[in-house]
Amino acid sequence: MEDTSGEEEICIMKICCLSDIHGFLPKIPECDLLILAGDYTPTSGVRKELAWFNKFFAPWLEEQTAKVIGVAGNHDSLFEKAPELVPQMNWTYLQDNGITWNGFNIWGSPWQPRFWDWAFNADEKFMEHKWSLIPEDTDILILHGPPHGYGDFSIYGEEHTGSPSLTKRIEEIKPQLVVAGHIHSGYGIYHIGETIMVNASYVDEQYLAANEPVVLTINKRDKLASVCQFCGSPLIQTDGGSLFICSQGCLI
Ligand SMILES: [Zn+2]
Ligand SMILES: [Zn+2]
């Protein structure tokens with residue numbers, strides 16, 4: 001029998017990333033951890049949202065076999081306006097706080113740059129403070145708004161809409177994985193240095209179901225995602241050493 005007693009323990013986790021379901025409750029592929037990056041409800045207004053969470057979202061969470069961790073989005077005003085009414089549900093909700101799960105340090109934050117007057121809208125200065133709270137040893141960062149320059153290009157304003165100070169903080173901390181949504185047309189996988197950034201928007205700009213949940217396998221020790229979710233091909237290492245791209249060139 002092979003002696004593995006001297007080997008360092010390797011944490012491998014299959015993660016499903018999903019954002020901006022806007023009322024859709026898709027079937028989730030088999031995974032260890034389901035990350036939800038906000039914009040759940042198909043409606044607006046605290047009372048209507050509460051009814052939807054109770055009637056549809058809570059039972060859907062109950063069905064999940066994976067650990068579920070999520071943040072709120074700008075369409076989830078219940079969490080900002082009436083947090084005391086948010087029902088107990090089968091998930092870990094993060095709002096500028098974190099947990100360690102399965103060896104990974106996970107932090108969540110819902111803030112995004114001001115757009116009309118939606119939930120968790122904030123000015124850059126305020127957000128800069130919120131990003132400063134993200135611990136240095138964060139492995140997985142769950143956001144609603146993507147960082148400036150990555151999955152944040154709005155087809156309406158034809159501009160990058162993400163927070164610049166968030167990009168800066170991600171570059172400092174270098175988490176393994178960042179998951180966001182919010183800008184539906186930004187769906188895809190990006191790299192910020194060594195960090196893999198996923199915009200996991202499920203719906204498109206017309207709020208129609210358009211995209212698959214993004215599934216990644218993460219190995220804590222080697223910091224890599226091993227298989228391309230879009231085509232199943234192996235990810236290949238670039239000559240820089242720590243970046244992995246789809247061998248078929250999917251969306252990267
Ligand atoms: Zn959305
Ligand atoms: Zn949003």
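**Figure 1. Buried residues of helix α1 and what covers them.** Part of the cover over the buried residues of α1 comes from α2 (78–81); covering here rests on contacts, that is, C-beta atoms, placed from the backbone, that lie within 7 Å of each other. This is a predicted model, in which local features need pLDDT of at least 70 and side-chain atom pairs count only at pLDDT 80 or more, while totals for chains, interfaces and linings use all residues. Residues are numbered from 1 along each chain as its sequence is written, and chains are lettered from A and ligands numbered from 1 in the order in which they are written. In α1, look for Glu49, Phe53 and Phe57, which are buried. A residue is called buried if 20 or more other C-beta atoms lie within 10 Å of its own, exposed if 12 or fewer do, and partly exposed in between, with C-beta atoms placed from the backbone. Helices (H or I, at least four residues) and strands (E, at least two) are DSSP runs, numbered from the N terminus.

**Figure 2. The length and bend of helix α1.** The 18 residues of helix α1 (residues 46–63) should span 26 Å at 1.5 Å a residue, and the 25 Å between its end C-alpha atoms agrees with that. The expected span is 1.5 Å times one less than the number of residues in the helix. At phenylalanine 53, α1 bends by about 40°; this is the angle between axes fitted to the seven residues ending there and the seven starting there.

**Figure 3. Alanine 58 and its surroundings.** Alanine 58 lies in helix α1. This residue counts as partly exposed because it has 15 C-beta neighbours inside 10 Å. Its contacts, leaving aside neighbours within four places in sequence, are Phe53, Pro87 and Met89. Asparagine 90 is 32 residues away from alanine 58 in sequence, yet the two are 7.0 Å apart in space, C-alpha to C-alpha.

**Figure 4. The largest nonpolar core.** This core has 51 residues, and those with the most contacts inside it are Cys17, Ile35, Ala37, Ile142 and Val179. Strand β1 (residues 12–18) gives the most to this core, with five residues. A nonpolar core is a set of buried Ala, Val, Leu, Ile, Met, Phe, Trp, Tyr and Cys residues joined through C-beta atoms within 7 Å. Zoom in on cysteine 17 and you will find that it touches Ile35, Val179, Val198, Ala200, Pro213, Val214 and Leu216, not counting residues up to four places away in sequence.

**Figure 5. Strand β9 between its partners.** Both faces of β9 (residues 140–143) are covered, with Ile140 and Ile142 buried on one side and Leu141 and Leu143 buried on the other. Strands β6 and β9 run parallel and are joined by four bridges; serine 109 has leucine 143 in β9 as its bridge partner. Strand β12 (residues 177–180) also runs parallel to β9, through three bridges, and here isoleucine 142 stands opposite valine 179. Strands pair if DSSP finds at least two bridges between them.

**Figure 6. Two positive phi values.** Most residues other than glycine have a negative phi. Aspartate 20, in the loop between β1 and β2 (33–36), has a positive phi near 50°. Asparagine 102, in the loop between β5 (97–101) and β6 (104–109), has a positive phi of about 55°. Aspartate 20 is buried, with 28 other C-beta atoms within 10 Å, whereas asparagine 102 counts as exposed, with 12 C-beta neighbours inside 10 Å.

Definitions and conventions: Contact = placed C-beta atoms within 7 Å.
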